[in-house]
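Here are my notes on this one, point by point. Have a look at the structure first, then read on.

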Amino acid sequence: MSAIWNFLCQPDVLAVERLLAFLVGIAAFVGVNAAYLVWVERKTAAYVQRRPGPMEVGPQGLLQPIADAVKLMSKQVLVPPGTDALLFRIAPVLIMTPAIMCFTALPYAPGIVPANINVGLLTFFAFGSINVMALMLGGWASRNKYAVISSARVVSQNVAYEIPMLLTIVTVIMMTGTMNLSEIVGQQAGAIWHWNIFQLHRNLLMPVTFLIFYICMLAETNRAPFDMAEAESELVAGAFTEYAGMGFGVFFMAEYANIVVGCSLATILFLGGWQVPFLAIPASWGPWAGALIGLTAFFAKLYALIFTVIWIRWTFPRTQFYGLLNLSWKILIPVSLLTLLLSSVLIKLPHLF
Amino acid sequence: MKVLSKEEALASPHSTGGPNETFVLNLGPQHPATHGVLRVKLTMDGEFITNAEPVCGYIHRMHEKMGENRTYSQFLPNTSRLDYLSAMQYTHAWVGLVEKACKIEVPQRAEYVRVITSELNRIASHLVGWGAWVMDLGGFTPILYAFDDREKILDLLEHICGARLTFCYYRFGGLVNDVDDVFVQGTKDFIPYMRDRMKTYKKLVTENIILRKRIEGIGPVSQEMCLRYGACGPVLRGSGFKSDVRINEPYSAYKDFDYEIPVYHEGDSMARYLVRMDEIEQSLRIIEQALAKLPEGPFINPKVPRSIKLPAGDYTYATEAARGRFMIRVVSDGKDVPYRVKLRTPCLSNLSLFEEASKGMLLADALAFMGSLDLVIPDIDR
């Protein structure tokens, strides 16, 4: 047992077996997580809307996701005539793979990080940006006018929101001085004001930066109120209109995987990752204790953020498309540039005197 | 690189149709935003609409022809099935027409109950229209709140007439049942409840910045355009024209009550939204007054003949339904079935201005605009 543990907890060793072990674990986590996030989403929606939500399958509808998965898997995967069959089939794979690959760079707890690389953040964005291409391909290959409109929307939306998101990331990188996610979390140890979101002495606008990141994350994952790609009252189901069965199921899973990835990144960059405020885990407790406490803290923060994402979806109406682009180009980009400028000035200021 | 002229570009084998390419998007008959089987043929330039042609007739049920084959009593249930969301006002027009033509006296109590139930129905209808519209705009929660409140109204109406949608509660010369204390008390309790809910909706939806940005200034419809197309109801009142059958051609007991006709001058979707929200408040006012003054007495005129025959002639009767002016015209040749029945429904005239008003709009805006017209598709096709 401890041999396995030691093998898994060597974040600096990039062994293929180790990475594979983590990938299998992550794939299982993503699958179960997506299924149960749907349940959480439906139950939260039901709570917001004063109704019970799924109740029939299992206690409190807990087995509903399994029934849904069985239903989706037993359906025929239709490829409509006239579509580009190769692209049509490849799009769900293309959207799911990068979402899973993003998980490899995430530090979950002290020692538990599949690949502790110095350009973790970069890896993350390299994989995260493929998402939009997959949605575009899926929409384009469907040979459906609604899907094509949706693809066009997805591309311009993601281009518009990647810029302020990266600007906020640059702000964080300037403050932390590293792109290694484990180090970024390590720097936020100790008191709650060591979390990057509360580092007001280094940049007064840090909460604003977090807010911008959060909004961009919502837009990048195509979540309400920015769900332009899947605006069901306008575009039926957007890029997924022609997908049936598990083809749709994979898109659906990828959507939730992307939410988890986005919220994990927000947790790591701004909310201290696996750090518990005012608690330094002594080494004498053993690696298990540290990992367990770290994991609990990480997931508590992560799911609190995910809950807000769901909460927003069931409260606000959808924005208009040009309103969305206006928000990005006219508000978010200038403000994120401002925070970038401010933090760089505040970093350099002590050196001037 | 050689710059191609437009003709050369179009003639090129790689041309996809040229620089002025448009495509036809079939919105409906099965589309989530049309709430029924309305089909709109959209000619699109990118996401901009260059032409929108509504295609009706997918749920045509020949109600007018049915009217020519049925006796006046037999046609009564049909009237609940035109605009199933405001069945009371539609039935009211039919019974009103027959009562006017045959000079049947209606007891005062029946008239008051007709006003109360019609206004309750108007609130229920506006709630559905509001919720469904906000759902079109992507807000999923308000429709469930709206249905929750509508449920209370439907429970009250079910208690007195047994139906929840196609009420058919009115009869020539009165009502099918009298109202009892349970209904009166339930309606009295409903008024403060609904006023409280309206405050919640104002905070949750009306003042929501995203919603305001979506509908303010979207789909401006001028007064002139409304009059040209014969638009009516909240669409007309949202463009600044004070027109309401309840005050223009007072029927039933409406002149006994003190209420206002909400009018907004902007003509955009927000104006239509606010007209409907204000109308709910005004309907509550009418119900409150009618309940306070509800007279005792018979609920139906006992001297109504069993077989109704309209004297030969041409009769019309209009009521203010939730979506606007509903008018029935009957030409009678003195037999027990009408010679001709014409149903003038508000949704058809409100839809007819969609084609002109939606030119140049973005798809999402056009759907927001269509939601503001509050269309009920069976009412368009009849």
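1. Helices (H or I, at least four residues) and strands (E, at least two) are DSSP runs, numbered from the N terminus. S2(B) covers residues 39-45, and S1(B) pairs with S2(B) in the antiparallel sense over 5 bridges. Two strands count as paired if DSSP finds at least two bridges between them.

2. A word on ground rules. This is a predicted model, where local features need pLDDT of at least 70 and side-chain atom pairs count only at pLDDT 80 or more, while totals for chains, interfaces and linings use all residues. Residues are numbered from 1 along each chain as its sequence is written, and chains are lettered from A and ligands numbered from 1 in the order in which they are written.

3. Zooming out, the sheet is open and has 3 strands in the order S1-S2-S3 (chain B), with antiparallel pairing. S1 (23-27) and S3 (48-55) of chain B are at the edges with a single partner strand each, so one side of each has no neighbour in the sheet. On average, neighbouring strands are turned by 25 degrees against each other, direction ignored.

4. Chain B splits into domain 1 (6-54) and domain 2 (62-381), with bounds that come from an automatic or database domain assignment. The centres of the two domains of chain B, taken over C-alpha atoms, are 35 Å apart. Where they touch, 13 residues of domain 1 of chain B are in contact with 18 of domain 2 of chain B (contact: C-beta atoms, placed from the backbone, within 7 Å).

5. Now the two chains: 22 residues of chain A are in contact with 26 residues of chain B. On the chain A side, the elements giving two or more residues are H7 (145-176), H10 (232-235) and H13 (321-352) of chain A. H10(A) gives the most, with 3 residues.

6. Last, a helix pair in chain A. The axes of H4 (residues 85-103) and H5 (residues 120-128) of chain A come within 8 Å and cross at roughly 170 degrees (axes are lines fitted to C-alpha atoms, for helices over the stretch in contact, with angles from 0 to 180 degrees between N-to-C directions). That makes H4(A) roughly antiparallel to H5(A), a label for angles over 145 degrees. Pro98(A), Met101(A) and Cys102(A) in H4(A) meet Phe124(A), Phe127(A) and Gly128(A) in H5(A).

Methods
Angles under 35 degrees count as roughly parallel, over 145 as roughly antiparallel, 65 to 115 as roughly perpendicular and the rest as oblique.
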